[in-house]
Amino acid sequence: MAVTANDPKKAHSLSELGALKAALQKTAREESERAARQREEEMRQRRERDLFSLSVGPVQPLPDARRARTAPRPPEPEPRQRQRDEQAALRETISDEFNVDSLLETDDTLSYRRMEIGLDVVRKLRRGGWTIQAQLDLHGLRRDEARDELAAFVRHAAQRGQRCLRVVHGKGHGSPGKQPVLKGKVQRWLGQSADVIAFTQASGPQGGAGALIVLLAGSVGRGEG
């Protein structure tokens, strides 16, 4: 059946389409206006930031006032000068020119004791009456190195309360002429130490002719094995 232009149903449909078109156009126009306003606002804010930057210049953030900033603590200085002074003082008090031969007992062990120390102390030391608490091996060291090592060893042992020591100087098997180069020097150096009150050649199991057993001051009657 054909529909004429005067048909009420067609007229109603055309009216709805017109209203829908008008609504769509209004929505599109509002979206366009909103986008334009947003772009304008962004441009305004950008202009304000640029104006502020030009007026004030570069800006750096302020540090947090609640946090104290302190410089890192420098490392503790090493007492190198004190060590050098101590070594120099030791060299001055321990001389290679000191003659210990007159102080050595004339037995085959060439033991040494201070004048106030009795022979019984040396005999007890020779028999192992005191427990050996520390040992120093001087093999392979030059004379100056051996002297410094020995002096420091005796001093530190006395500071730690150690009283009976063993010092290995060697039998000279690797030295020219197969002579113990350090043996006599070690005896001289020990004889000049204020901490040493006696020493004797070690027994066979303790090193024999290649070592000395040394007794420090304050040890008589203590530290027995």
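Predicted model: local features only at pLDDT ≥ 70, side-chain atom pairs only at ≥ 80, totals over all residues.
Student: Which element is Tyr112 in?
Tutor: Tyr112 belongs to strand β1.

Student: How far is Tyr112 from Val214, in sequence and in space?
Tutor: In sequence, 102 residues separate Tyr112 and Val214. C-alpha to C-alpha, the two are 9.3 Å apart.

Student: Back up a bit. How many helices and strands are there?
Tutor: The protein has five helices and five strands. Their order along the sequence is α-α-β-α-β-α-β-α-β-β.

Student: And what share of the protein is buried?
Tutor: Of its 225 residues, 27% count as buried.

Student: What about contacts between residues at least 6 apart in sequence: what percentage join residues at least 24 apart?
Tutor: That figure is 65%.

Student: Now α3. Which residues are buried there?
Tutor: Helix α3 covers residues 119-126, and Val121, Val122 and Leu125 are buried in it. Viewed down the axis of α3, these buried residues fall within an arc of 100°, so they line one face of the helix.

Student: Why would residues three or four places apart point the same way?
Tutor: An α-helix has 3.6 residues a turn, so residues at that spacing point the same way.

Student: What do the buried residues of α3 pack against?
Tutor: They pack against four strands: β1 (112-113), β3 (164-168), β4 (196-201) and β5 (211-216).

Student: Let's zoom in on Leu125. What is its relative accessibility?
Tutor: Leu125 is at 2%, so it counts as buried.

Student: Which residues does Leu125 touch, leaving out those up to four places away in sequence?
Tutor: With those left out, Leu125 touches Trp130, Cys164, Ala198, Phe199, Thr200, Ile213 and Leu215.

Student: And where is Ala202 relative to Leu125?
Tutor: Ala202 and Leu125 are 77 residues apart in sequence, with a C-alpha to C-alpha separation of 9.2 Å.

Student: What follows α3?
Tutor: Gly128 follows α3, and the phi of Gly128 is positive, near 85°.

Student: Left-handed or right-handed?
Tutor: The crossing of α4 and α5 is right-handed.

Student: Which residues meet there?
Tutor: On the α4 side, Arg143, Ala146, Arg147, Leu150 and Val154 take part. They meet Leu182, Lys185, Val186, Trp189 and Leu190 in α5.

Student: How does that contact split by class?
Tutor: The contact of α4 with α5 has seven nonpolar residues, three charged and no polar ones.

Student: Last one, Ala209. Where does it sit?
Tutor: Ala209 is in the loop between β4 and β5. Ala209 has a relative accessible area of 33%, so it is partly exposed.

Student: What does Ala209 touch, again not counting residues up to four places away in sequence?
Tutor: Ala209 touches His169, Gly170, Lys171, Lys183 and Gln201 on that count.

Student: How far apart are Ala209 and Lys183?
Tutor: Ala209 and Lys183 are 26 residues apart in sequence. In space, their C-alpha atoms are 8.8 Å apart.

Terms used: Residues numbered from 1 in each chain as written. Heavy atoms only, no water. Buried < 20%, exposed > 50% of the residue type's maximum accessible area, 1.4 Å probe, protein only. Helix = DSSP H or I, 4+ residues; strand = E, 2+ residues; numbered from the N terminus. Arc of directions from axis to C-beta. Contact = heavy atoms within 4.5 Å. Left-handed = near helix turned anticlockwise from the far one by under 90°. Nonpolar A, V, L, I, M, F, W, Y, C, P; charged D, E, K, R; others polar.
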